[in-house]
Amino acid sequence: MSQNLLEFKNVSKSYSGNQVLKNVNFDIRPGEIHALIGENGAGKSTMMNILFGMPVIHSTGGFEGSVEMEGKPVNIMSPFDAMAHGIGMVHQEFMLIPGFTIAENIKINREIPKENALNNVMSSIFGKRMKTLDFKKMNQDARVALDRLDMTIEEYTLVQGLPIGFMQFVEIAREIDKTGMKLLVLDEPTAVLTESEAERLLKAMRSLAVQGIAIVFISHRLDEIINVSDRVTVLRDGEWVATKDTKDTSAIEIAELMIGRKVSIEREEGAERELSKDIMLSIKDLHVAMPSERARGVDLEVRKGEILGIGGLAGQGKLGIANGIMGIYPAKGEVVLDGKKLPLNNTKQVLKESVAYVSEDRKGIGLLLDEPIDSNIVFTDMQVNGNFLKAFGLQDSKAISEHAKQMVIDLDIRCTSEKQHTGRLSGGNQQKVCVGRALTQKPNLLFVSEPTRGIDIGAKKLILDLLLKLSREQGMTIVMTSSELAELCSICDRIAIICEGKVAGILAPNASPAEFGLMMSGITDTDSVKEGGVS
Amino acid sequence: MDAVKSFFKKVPIATLIIFGFWALILIVGFFLDFRMTSLFSDTIQRFGMWGLFVLAMVPSIQSGTGPNFALPIGVVTGLFAMVVSMDIGFIGFNLLIVSTVLAIVFGCLMGWGYGKLMNAVKGSEMAIATYTGFAATFFFSMIWLLYNTDNDFLGWFIGRGLRNFVSLTPFGTDQILDNFWQFEIFRSTNADGELIGGLVIPTGTLLVVLLACLLMWLFFRSKHGIAISAVGMNPMFAKATGLNADRSRVLANMISTVLAAVGIIVYAQSFGFMQLYDAPLMMAFPAVAAVLVGGATAQRSKVIHVIIGTILLQGLITNGPPVFGRLLEGADITDAVRMIVQNGIILYALAQMKGGGK
Amino acid sequence: MTNNNANTSKKITNFLLDNIVTIVFVLFVAFGFYAADGLAPSALINEVLMRFFRNGLLVLSLIIPVMAGLGLNFGIVVGALAGVNALILTRYFEMAGMGGLMLSFLVALPLALLFGYLTGKLYNKTRGQEMIAALIVSFFAEGVHLVFALFVIGGIIPVYANHRMIIPGGMGVRATFDMGQHPDLIRMPELETAGMRLAMDWLWRVNFLHAALFIAVATLIYLIVRRMLGKRNPSIAQMPTVVFFINCAVCVGFIAIAAFSLFVPGSAMGMELANVNPIPGVTALVILGFCLLTTYFTKTKLGQDCRSVGQSQHIAKVSGIDVDRTRIIATMISTVLAAWGMIIFLQEVGTVGTYTSHRMVGMFSVAAILVGGATTTKASVKNVIVGLILFHAMFVVSPAIGRYISNDEGVAEYLRTFMVYGVIGFSLGLYAWRTLKAARDKDALD
């Protein structure tokens with residue numbers, strides 16, 4: 001067995017008391033393709049941030065444990081240190097300059113100066129940066145890197161206008177062109193590719209591995225992991241779960257390991273509840289252009305009075321659904337509310353139909369942080385339904401403040417008064433203000449997205465209880481989108497899993513972890529997984 | 001002590017600097033035997049002249065368009081309204097009223113177009129607004145030159161075109177608002193026992209400005225005003241609550257343009273002259289600076305900022321030249337100081353904007 | 001087929017949008033020349049050439065900041081002020097001739113480097129709003145200049161109270177001072193002294209037709225050589241064949257006209273073109289030199305870094321380029337070129353407006369480069385040359401258009417100022433609109 005190229009030993013990391021990585025061990029050998037899989041928040045990004053010495057790690061007190069390369073502990077303090085150690089990364093967002101040629105992109109900030117008399121004179125007077133560049137040599141280097149990936153495209157082509165798949169290869173070419181490149185991290189590289197492009201990429205990965213480069217392959221696609229990797233490591237909630245030789249495991253096992261049994265918020269009632277047959281909302285072929293959360297043809301039905309959960313991995317498009325229906329991002333398709341067709345891309349009309357929305361982006365979209373609680377709470381109702389107004393369209397300050405006071409009591413918003421700016425509130429209380437604003441509209445249908453994101457555990461329970469109460473006592477229909485499967489399982493009647501912009505399937509809250517795991521990876525043709533099925 | 005500290009935390013440094021400067025001028029003036037009442041009278045008059053221009057900054061800043069650097073568009077619109085009203089033959093109060101009505105109508109039209117333009121160039125509003133304002137000034141200069149009028153007070157005796165400086169005295173509109181209910185306080189006698197001037201209060205002009213301020217204050221407590229504020233504070237929030245951000249921004253810029261158009265009428269009557277051609281060119285900058293001096297930023301402003309800022313900056317600009325002139329025996333440093341202060345404060349505000357410095 | 005048509009019409013629309021400003025100016029100038037019935041071609045050429053060489057370096061100074069993503073540097077006014085202040089010093093000591101001019105360049109250099117450094121710092125603090133910041137900083141700098149030239153000179157720095165540049169009383173520089181006369185032009189030795197006026201321009205005067213012939217031949221050779229090299233090395237960017245042949249045809253046309261005028265005596269065209277003044281050879285070489293230097297700069301590591309920063313500050317930063325420093329250096333280079341450009345400008349004009357000369361430098365230069373087809377993010381030597389010619393041709397023919405509109409030359413004055421601001425506002429607006437639209441299209445539904 002060859003020596004490990006890289007080794008994480010008992011690595012832990014916490015952000016202000018919140019532990020996101022616990023005693024994780026991880027190793028990779030030269031020429032190995034090692035897949036890394038886990039839900040959102042499982043700790044993949046934190047591991048990579050540590051590997052690349054990102055400022056976010058070191059400005060928050062570093063990490064515990066050690067990182068070793070080729071048996072020696074290394075101290076990676078910046079991405080440039082990582083580069084010096086031969087570690088490269090291809091990000092999900094391309095770092096390419098469209099107006100540059102492929103070669104220029106590959107050689108960015110590693111350009112090769114010409115060595116001639118004039119350059120020596122210029123550089124001795126004005127500094128090294130006044131040397132002219134040897135574009136010929138740069139092009140040759142780029143050619144070599146592209147050839148290693150079996151890319152035939154000319155190195156002097158502009159990146160502008162290249163197909164996405166080609167850009168991915170240019171990114172990889174840039175990394176392998178760096179001298180001494182030993183380890184390459186690919187973060188969801190196939191997410192943006194077409195099927196044939198993805199096929200080509202996997203082939204290129206294998207050939208790089210044969211050339212001796214180790215590859216960390218982060219992906220949610222179980223079939224690709226099975227297909228290409230040598231070993232797979234599963235992370236869950238910041239903890240190492242398992243490392244397996246790929247040939248000894250199966251998609252079902254990986255899925256199960258990934259989800260686990262981790263329902264921390266107990267369900268108080270049984271999973272089965274008699275649901276109304278009436279359809280409240282029917283969504284057909286919904287496409288939403290929300291950056292990095294695109295929906296690509298969602299079909300979904302929401303029944304009257306139910307709490308429908310929408311789950312799935314980050315970037316798969318689950319957040320796009322509510323945002324699209326509410327008109328926050330461009331959408332097309334057909335959405336029917338209570339037998340009436342909803343106009344798309346028309347937020348005001350949708351709000352007028354007594355549909356309310358609590359956004360996943362509390363601070364960015366959900367609140368006016370420099371305004372008091374009361375103006376935030378009545379805002380939508382005032383603008384959409386014209387309530388809380390006096391003559392000449394002036395605001396009725398008395399009514400506003402009375403209503404806000406009531407909401408503060410009803411929702412238990414902890415604040416100095418209803419005049420406190422929402423920017424000063426804690427996350428949980430901010431979320432309650434958002435909910436209060438939605439409730440002020442007296443909605444029949446409520447969309448809530450990531451209701452407990454960034455909220456401490458006590459407040460989480462309060463918010464979920466509140467949603468449950470609204471459903472049970474007022475019969476409100478709720479569509480709750482969340483990355484936390486556990487919380488979906490704790491209050492939802494049914495859970496739709498979104499994968500690659502489409503509904504992969506609908507599961508009952510007590511479905512098995514493997515069913516959830518497989519569905520999140522887009523594998524739906526397994527026998528054990530049926531719509532709404534219970535294992 | 002804490003009270004002092006929190007006071008300094010709340011009052012922007014720029015406001016304090018300008019206040020300090022103005023106070024210094026007044027103190028120096030006092031020791032150079034200037035009549036304080038006369039210095040203050042000048043400042044109050046200038047406050048009346050500039051009040052509406054500075055107020056025009058509030059809606060555009062609140063809507064997220066940024067300070068209205070295209071103030072000259074509104075100004076030339078107001079001038080056009082005055083020219084038309086004069087040419088028709090109105091005089092006195094009638095001239096004032098007719099030109100104000102026309103200024104509002106034309107201002108709405110121009111403001112609508114300008115607002116549309118600002119929506120088309122989101123992110124680069126300030127630079128483009130500035131050059132659009134400059135271009136508008138010279139476009140209207142051509143109109144002044146080509147305008148045909150039989151009114152000899154308005155046009156040249158020979159040939160075509162309007163005068164550079166049109167005196168309002170023949171039209172009976174000279175200081176018509178300033179003189180409305182005007183009164184004088186703190187009159188005193190000098191050493192020889194002669195009665196000398198006190199603090200002159202141009203009641204009519206002040207009433208107009210303060211009324212506009214009140215209306216603006218109320219407007220931002222109404223549905224549409226609140227919508228404009230929200231659009232400026234957080235466009236995504238506004239979108240999620242069903243607001244039409246583009247329409248709110250257009251409305252805000254229409255109000256701003258109308259204020260500038262009416263503002264030049266108030267300005268001209270107080271000044272006693274209507275200045276055409278390139279006079280409006282640089283008018284935006286003192287107005288922008290004033291609202292910033294008052295404590296506004298390029299993204300948030302209130303009516304109170306307008307009142308404080310206009311008094312402080314115009315106080316400095318108005319009282320500086322006579323005082324410095326006597327101190328330095330004729331050499332006037334005020335213009336240089338004004339340029340540094342006025343533009344320094346705008347640069348400071350730009351540096352404080354989101355996205356800067358990083 | 002319809003797809004093809006749609007493509008073609010899209011191409012045409014894009015071409016028009018890309019070049020609309022240039023096209024409008026070409027039409028304007030053509031119409032102006034027609035309206036200016038009786039304007040001799042030689043007079044037009046003389047006026048345009050005079051302004052071309054006078055403003056060349058100033059406009060050229062705008063290229064590098066555009067490359068580095070700073071937009072159009074209206075702040076070259078700050079550089080111009082460095083030039084003016086250098087001249088205050090050298091003219092105070094009555095420096096004259098090319099030597100005096102060289103000394104002025106030398107004095108301006110550290111001033112401009114300092115001013116450029118400070119301006120660059122400011123641009124880093126006002127990221128995203130550089131262009132409005134640049135305009136405001138030019139007003140701010142004028143205020144500082146006022147304090148310095150009016151109060152510090154004479155007030156703090158001792159000067160001879162009766163020096164003819166100093167305001168009587170001994171404090172402050174007069175509103176205007178002269179560069180001193182060119183020795184060949186002195187008519188009244190008792191009143192005029194030799195100085196720096198035309199010191200560079202008249203160092204070597206070249207017959208216009210000779211120069212035109214030389215330039216046209218050189219350009220033709222360059223075009224052909226580049227084309228042949230490109231045949232062998234595909235990485236050298238090539239212009240479309242049609243454009244290549246048009247360019248060659250234009251060169252051949254110029255060669256024919258110049259040769260005909262020179263060698264066929266007595267022709268009407270030859271006599272007309274003989275009226276064109278000689279061109280300032282050294283100034284032309286200096287401008288050409290800086291054109292080449294700018295091109296050279298783009299091929300250096302620093303130039304490549306500027307381009308990276310200009311295209312994406314984020315990617316440049318992630319790749320390890322010191323973004324802030326690169327932007328400051330770009331501003332400093334621009335400021336130095338502007339300072340020198342201002343000195344060249346003033347040696348041609350001959351009189352310095354201590355408090356006014358710098359004022360329009362930023363606007364006019366920016367307008368010129370925009371007319372030449374530059375945008376907020378793209379500018380080249382070609383834009384500078386085309387822009388200089390078209391913009392100044394507009395200046396020359398606009399009185400004729402003024403007369404055409406209203407029989408009033410006054411209109412022309414306002415018309416051209418309107419054109420200057422209009423072209424800036426319009427270009428910036430068009431660019432902002434197209435950028436916004438492209439961003440929206442990118443995030444649209446598939």
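## A covered helix in chain B

Helix 12 of chain B is mostly covered, with 24 of its 27 residues buried; a residue is buried if 20 or more other C-beta atoms (placed from the backbone) lie within 10 Å of its own, exposed if 12 or fewer, and partly exposed in between. This is a predicted model, in which local features need pLDDT of at least 70 and side-chain atom pairs count only at pLDDT 80 or more, while totals for chains, interfaces and linings use all residues. Residues are numbered from 1 along each chain as its sequence is written, and chains are lettered from A and ligands numbered from 1 in the order in which they are written.

Helix 12 spans residues 245-271 and reaches 38 Å from its first C-alpha to its last, close to the 39 Å expected at 1.5 Å a residue (the expected span is 1.5 Å times one less than the number of residues). Helices here (H or I, at least four residues) and strands (E, at least two) are DSSP runs, numbered from the N terminus.

## Chain B as a whole

Chain B has 15 helices and 6 strands. Its radius of gyration is 21 Å, close to the 21 Å that the globule rule gives for 358 residues, so chain B is as compact as a globular protein of that length. The radius is taken over C-alpha atoms, and the rule is 2.2 Å times the number of residues to the power 0.38.

Along the principal axes, the C-alpha atoms of chain B fill a box of roughly 70 × 65 × 35 Å. Of the 358 residues of chain B, 54% count as buried. Among contacts in chain B with a separation of 6 or more, 74% join residues 24 or more positions apart; two residues are in contact if their C-beta atoms, placed from the backbone, lie within 7 Å.

## How helices pack in chain B

Two packed helices are described by the angle between their axes and the distance between the axes. Axes are lines fitted to C-alpha atoms, for helices over the stretch in contact, and angles run from 0 to 180 degrees between N-to-C directions. Helix 3 (residues 36-55) and helix 12 of chain B pack at about 170 degrees, with axes 8 Å apart. That makes helix 3 of chain B roughly antiparallel to helix 12 of chain B; angles under 35 degrees count as roughly parallel, over 145 as roughly antiparallel, 65 to 115 as roughly perpendicular and the rest as oblique. Residues that meet here include B:Gly48 and B:Leu52 in helix 3, and B:Gly263 and B:Tyr267 in helix 12. The contact of helix 3 with helix 12 has 10 nonpolar, 4 polar and no charged residues. In this scheme Ala, Val, Leu, Ile, Met, Phe, Trp, Tyr, Cys and Pro count as nonpolar, Asp, Glu, Lys and Arg as charged, and the others, Gly among them, as polar.

Helix 9 (residues 203-219) and helix 14 (residues 303-327) of chain B pack at about 150 degrees, their axes 9 Å apart. Helix 9 of chain B is therefore roughly antiparallel to helix 14 of chain B. In this pair B:Cys213, B:Met216 and B:Trp217 meet B:Val303, B:Val306 and B:Ile307. The contact of helix 9 with helix 14 consists of 6 nonpolar residues, with no polar and no charged ones.

## Where chain C is touched

The contact between chain B and chain C takes 38 residues from chain B and 40 from chain C. Helix 6 (92-120), helix 7 (125-146) and helix 15 (334-352) are the elements giving two or more residues to the chain B side. Helix 7 of chain B gives the most, with 14 residues. By class, the chain B side has 24 nonpolar, 10 polar and 4 charged residues.

Chain A meets chain C too: 22 residues of chain A are in contact with 18 residues of chain C. The chain A side has 12 nonpolar, 5 polar and 5 charged residues.

## Loops to look for in chain A

A:Glu32 lies in the loop between strand 2 (18-28) and strand 3 (33-37) of chain A. A:Glu32 is buried, with 20 other C-beta atoms within 10 Å. Leaving out residues up to four places away in sequence, A:Glu32 touches A:Ala209, A:Ala214, A:Asp230 and A:Arg231.

Most residues other than glycine have a negative phi. A:Glu188, however, has a positive phi near 45 degrees, and sits in the loop between strand 7 (183-187) and helix 8 (195-210) of chain A. A:Asp338 has a positive phi of about 50 degrees and is in the loop between strand 14 (331-337) and strand 15 (340-341) of chain A.
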